[in-house]
Amino acid sequence: DWYCNVVRAAMAVEAGGYLTNPDIEKKKVFDVIDAAIANGMYVIIDWHDHHATDHLQEAKKFFAEVALKYGDKPNIIYEPFNEPLQISWASAIKPYHQAIIDTIRRHDPDNLIICGTPTWSQDVDIAANDPLAGINIAYALHFYSGTHKQSLRDKAKAALNKGVALMVTEFGTTDASGDGFVNKEETNLWLAFMDE
């Protein structure tokens, strides 16, 4: 009844997640993927890790398995790095993404891959100035309307003007902390921006 056509399945990585319980955590994500496919929905498979560059081998293993198992399904969207922190795009994040893209493309040549950008997936302009190689690649943009306002929309517009694709894979209507009131005015501005 929400008329959703996409869900995001977040793979917990640290704090009892994939790094310590890979089979249990994979089953949770695979159950969501299977349900999304059965219901004709897209599913974003999110490696939910602020420190993914420290877990490259584990991420490669996970995404190779996902791409091999589900890469022939058009429902699949990959998001291999949730919210990189304030680290270098050129020397840390971009090489990580390229390694994961190469891993996925061995089994899945064409499904969409959404790549996280520096500063909690807000510095999309930096990624747009030094884009990744490959096809069907977009960049993640995250916002919380109580915190992130016109200046972040300006960054997004600058990235779009460079010709890259953006996809908002996480957002909220309050402050980034989750506290504060629902900022209806900024949320509506964001919704209008995304519609445009």
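## How to read the model

Because this is a predicted model, local features need pLDDT of at least 70 and side-chain atom pairs count only at pLDDT 80 or more, while totals for chains, interfaces and linings use all residues. Residues are numbered from 1 along each chain as its sequence is written, and side-chain values use heavy atoms, with hydrogens and water left out.

Two sets of terms come up again and again. A residue is buried under 20% relative accessible area, exposed over 50%, and partly exposed in between (1.4 Å probe, protein chains only). Helices (H or I, at least four residues) and strands (E, at least two) are DSSP runs, numbered from the N terminus.

α2 has 15 residues, and from its first C-alpha to its last it reaches 21 Å, close to the 21 Å expected at 1.5 Å a residue. That expected span is 1.5 Å times one less than the number of residues in the helix.

Which residues of α2 are buried? They are Ala-59, Phe-62, Phe-63, Val-66, Ala-67 and Tyr-70. These residues cover an arc of only 130° around the axis, so they sit on the same side of α2; the arc is that of the directions from the helix axis to the C-beta atoms. An α-helix has 3.6 residues a turn, so residues three or four places apart point the same way. On the other side of α2, Gln-57, Lys-61 and Leu-68 are exposed. The buried residues of α2 pack against β1 (6–12), α1, β2 (42–48), β3 (76–79) and α3 (89–105). Contact here means heavy atoms within 4.5 Å.

## The nonpolar cores

In soluble globular proteins, nonpolar side chains tend to be buried together. A nonpolar core is a set of buried Ala, Val, Leu, Ile, Met, Phe, Trp, Tyr and Cys residues joined through side-chain atoms within 4.5 Å. The largest one in this model has 44 residues, and Trp-47, Phe-62 and Phe-63 touch the most other members. A second, separate core has five residues, among them Ile-44, Ile-77, Ile-114 and Ala-140.

Another residue to look up is Ala-127, in helix α5. Is Ala-127 buried or exposed? With 0% relative accessibility, Ala-127 counts as buried. Leaving aside residues up to four places away in sequence, Ala-127 touches Trp-89, Thr-117 and Tyr-139.

## Salt bridges

How many salt bridges does the structure hold? There are 11, each one a side-chain nitrogen of Lys or Arg within 4 Å of a carboxyl oxygen of Asp or Glu. One of them joins the side chains of Lys-26 and Glu-65, at 2.9 Å from N to O. This pair links distant parts of the chain, with Lys-26 in helix α1 (residues 22–38) and Glu-65 in helix α2 (residues 56–70), 39 residues apart. Lys-26 counts as buried at 12% relative accessibility, whereas Glu-65 counts as partly exposed at 28%.

Asp-123 and Lys-155 form another salt bridge, their closest N and O atoms being 2.3 Å apart. Asp-123 lies in the loop between α4 (118–121) and α5 (124–129) and Lys-155 in helix α6 (residues 150–161), so the pair ties together parts that are 32 residues apart in sequence. Asp-123 is buried, at 8% relative accessible area, and Lys-155 is partly exposed, at 28%. There is also a network: salt bridges that share partners join Arg-8, Asp-46, Glu-79 and Glu-170.

Lys-73 and Asp-72 form a salt bridge too, with 3.4 Å between the closest N and O atoms. Here Lys-73 is partly exposed, at 30% relative accessibility, and Asp-72 is exposed, at 59%.

## Cysteines

A disulfide is a covalent bond between the sulfur atoms of two cysteines. In this model, a disulfide would be a pair of cysteine sulfur atoms within 2.5 Å, and the structure holds zero of them. Cys-4 counts as partly exposed, at 45% relative accessibility, while Cys-115 counts as buried, at 0%.

## Two positive phi angles

Glu-83, found in the loop between β3 and α3, has a phi near 45°, a positive value in a residue other than glycine. Glu-83 counts as buried, at 10% relative accessibility. Thr-119, in helix α4, has a positive phi near 60°. Thr-119 is buried as well, with a relative accessible area of 14%.
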